[in-house]
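Here is a short report on one protein chain. Look at the structure first, then read on.

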Amino acid sequence: MPSNLYAPHIRTPKTTASIMRDVCIALCPALIGSVIFFGIRSLLLTLVSVLSCVIFEALWQKLHKLPVTVKDFSAVVTGMLIAFNVSSTTPYWVVIIASAFSIIIVKQFFGGIGSNVMNPALMGKLFMSTVYPTYTMNYVEPMQTDLVAGATMLSAMKSGREVSYTVMDAFLGKVPGALGETSALLILIGFAYLIYKKEVNWKVSLAFMGTVAVIVTLAGQNPLAHLCAGGLMLGGCFMLTDYNLTNRTGNILMGVCAGIIVAFIRVWGMFPEGVCYSILFVNCMSELIKGIKTKHIYGKD
């Protein structure tokens, strides 16, 4: 039997389920941190979000006589990321509605995993922040879950008010914010695990963060504050790197484009944050960005 019988196909022991399990493991440090910072309700919100995503995906596939794919853990990842983008005071029903929107409208309407145009979790975040902003953005001080915070680090920086939090506070997670985005350290620990497992395209994240750092520095602002505050780390490490929406040819350009949008929104736009908009924009433009580089024709040098 010829040794190249199966050429030119590349075979790998990795599966969608194994990759998504690794992503879940990588998200666990931030999940544990959210419970420490904001209390047990963080864990309950995450469980509600995950269960909702899994149930909605299974129901949709059952009703349409499609193979049930909840065992691939992609719905679990979506559920965790949806919860990571809300405050600890968010009602459970808001997370359930957002899960239905993300799984059914954003993911299943386009054919399920591998066919979705945009990141389902980020679309869920956009849906919640547009329809239910007062429920999802009442951020609280870490370790003081009954006290509503006056302003996040980014909003204080944007308004020109004195920032009561240091860069180290944001790096460790001692700032008000969404459940999974407050501690840059815990996010990076999970991201390092994915790099170790070779499950993530780290170049897109580096291009994204580097672009933001350069632009805000040129604008006279503290790049470390921008890198550690808000959802930049969570978005750059876990959502911009969506396996369906990045590849080896377009990754750096996608990261740069997203970084430019974030920096311009944060420095000159009307909103203090811009990660969600930037990643969704490059999601929509991903095929165009990927096509900029000439494709290599198999069989030719």
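## Salt bridges

Glu273 and Arg266 join their side chains in a salt bridge, at 2.7 Å from N to O. A salt bridge here is a side-chain nitrogen of Lys or Arg within 4 Å of a carboxyl oxygen of Asp or Glu. Arg266 has 3% relative accessibility, so Arg266 counts as buried. Buried means under 20% relative accessible area, exposed means over 50%, and partly exposed lies in between (1.4 Å probe, protein chains only).

By this rule the count is two salt bridges. Glu57 and Lys107 form one of them, at 2.7 Å from N to O. This pair links distant parts of the chain: Glu57 sits in helix 2 (residues 40-63) and Lys107 in helix 4 (residues 92-107), 50 residues apart. Both Glu57 and Lys107 are buried.

## About the model

This model is predicted; local features need pLDDT of at least 70, side-chain atom pairs count only at pLDDT 80 or more, and totals for chains, interfaces and linings use all residues. Residues are numbered from 1 along each chain as its sequence is written, and side-chain values use heavy atoms, with hydrogens and water left out.

## The whole chain

The chain holds 15 helices and two strands. These are DSSP runs, numbered from the N terminus: helices are H or I with at least four residues, strands are E with at least two. Of the 301 residues in the chain, 50% are buried.

Contact means heavy atoms within 4.5 Å. Take the contacts between residues at least 6 apart in sequence: 74% of them join residues at least 24 apart.

## Two packed helices

Two packed helices are described by the angle between their axes and the distance between the axes. Helix 5 (residues 120-131) and helix 14 (residues 275-284) pack at about 135°, with axes 10 Å apart. That makes helix 5 oblique to helix 14. Axes are lines fitted to C-alpha atoms, for helices over the stretch in contact, and angles run from 0 to 180 degrees between N-to-C directions. Under 35 degrees is roughly parallel, over 145 roughly antiparallel, 65 to 115 roughly perpendicular, and the rest oblique.

Which residues make the contact? Helix 5 supplies Leu122, Met123, Lys125 and Leu126, and helix 14 supplies Cys276, Tyr277, Ile279 and Leu280.

## A buried serine

Ser34 lies in helix 1 (residues 16-38). Its relative accessibility is 0%, so Ser34 counts as buried. Beyond its neighbours within four places in sequence, Ser34 is in contact with Gly39, Ser42 and Leu179.
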